[in-house]
Amino acid sequence: MLKNALKPHYNSIFMHMNSLVRCGFMAILLCSAMLCGCAKVYMPPVQVEGVHPDYGERLRVLTKQYVVIDDHVTLVDDVQQSDRTLQLQLLRDTAGVVVVFEMRESKDGSLIWAYRHIAYDPNDFIPIVSRVSKEKIR
Amino acid sequence: MKRFLLILAMLAGSAALYGCATVKVEVDDAHEGYAIYSNGKKVCNDSRNCHVPVAGGDEMYLEAEKNGVVYGEAVIHRGDGGYRTQTILHRGTAEGATKVAVKAVGTPLGLAAGLLQPLEYITTTTEYFPTEVMIPVMPPESGEKYPWDQPDPSK
């Protein structure tokens with residue numbers, strides 16, 4: 001008799017605990033996201049000037065690979081979902097090509113940082129991208 | 001008490017010497033000056049007269065920049081047994097074990113530590129570092145310029 005009377009009471013405790021666990025889990029997720037502070041970054045196609053678009057694509061693919069490995073930011077496919085935009089450029093120079101990295105706020109387009117490095121042939125992309133991904137892309 | 005004061009004086013002396021320890025940084029372009037960055041911070045406006053303070057840590061990343069573009073860099077990796085200078089774009093590595101600038105730091109620190117620690121600690125606190133570093137900034141001499149306007153042959 002008493003057992004049956006307590007059953008609804010236990011059920012309500014379990015339900016409360018369930019919702020508490022859920023809330024706790026959500027709070028942990030939220031806190032970890034806040035602590036991580038990983039910016040969502042959108043990478044538009046590479047702008048090229050005096051350079052064949054193939055090299056723009058090569059630079060973009062390489063940068064994506066390094067950014068994923070270093071894991072400081074999250075890449076997104078839509079600019080609307082992003083906090084920041086990483087614009088890459090390849091500009092022809094007398095000696096070679098200037099590889100430009102520009103990180104901007106997606107909201108207002110304000111510049112956060114920029115890095116420009118000379119490349120004499122496409123094999124130079126790897127050390128440049130490696131350095132930028134490790135040290136700059138946040 | 002005297003011993004404590006002696007250690008304190010040696011540590012202060014080594015700290016002062018540490019501030020003086022520098023690396024002369026040059027570029028291989030005799031005609032123009034480049035701004036020099038050490039671990040991302042600008043340390044010289046002109047590479048023709050550049051003495052960079054020795055950075056803490058195991059690595060010193062030096063970059064030569066002109067008109068906002070980085071034209072070359074050299075990375076100094078240091079360890080107990082020597083140092084290694086690596087250039088990135090030109091892919092060269094030079095190794096050495098000349099105890100110069102940092103020897104002045106290592107010795108007083110080592111002596112101070114030696115009063116408290118076993119003798120081998122003295123040798124491990126002595127660090128190695130080059131006194132001069134040349135950053136290559138000139139384009140490669142061999143061969144023609146890369147045909148950037150042509151499709152990528154590796155594709």
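These legends describe close-up views of a predicted model.

**View 1. The contact between chain A and chain B.** Chain A brings 20 residues to the contact and chain B brings 16 residues. On the chain B side that touches chain A, ten residues are nonpolar, three are polar and three are charged.

**View 2. An open sheet of three strands in chain B.** The strands stand in the order E4-E1-E9, and their pairing is mixed. Strand E4 (51–53) and strand E9 (132–135) of chain B are the edge strands, each pairing on one side only. From one strand to the next, the twist averages 35 degrees. Strands of a sheet pair through backbone hydrogen bonds, and they may do so in a parallel or an antiparallel way.

**View 3. The pairing of E1 with E4 in chain B.** Three bridges link strand E1 (residues 22–27) of chain B to E4(B), and the pairing is antiparallel. At one of the pairs, B:Thr22 has B:Pro53 in E4(B) as its bridge partner.

**View 4. The pairing of E2 with E5 in chain B.** Strand E2 (residues 35–38) and strand E5 (residues 59–66) of chain B run antiparallel and are joined by four bridges. B:Glu65 in E5(B) is the residue opposite B:Ala35.

**View 5. The hairpin of E5 and E6 in chain B.** E5(B) also pairs with strand E6 (residues 69–78) of chain B, in the antiparallel sense and over eight bridges. Within this pairing, B:Ala74 in E6(B) stands opposite B:Leu62. Two residues lie between E5(B) and E6(B) in the hairpin. In the turn, B:Asn67 has a positive phi of about 50 degrees.

Note on methods. Residues numbered from 1 in each chain as written. Chains lettered and ligands numbered in written order. Predicted model: local features only at pLDDT ≥ 70, side-chain atom pairs only at ≥ 80, totals over all residues. Contact = placed C-beta atoms within 7 Å. Nonpolar A, V, L, I, M, F, W, Y, C, P; charged D, E, K, R; others polar. Pairing = 2+ DSSP bridges. Axes fitted to C-alpha atoms, helices over the stretch in contact; angles between N-to-C directions.
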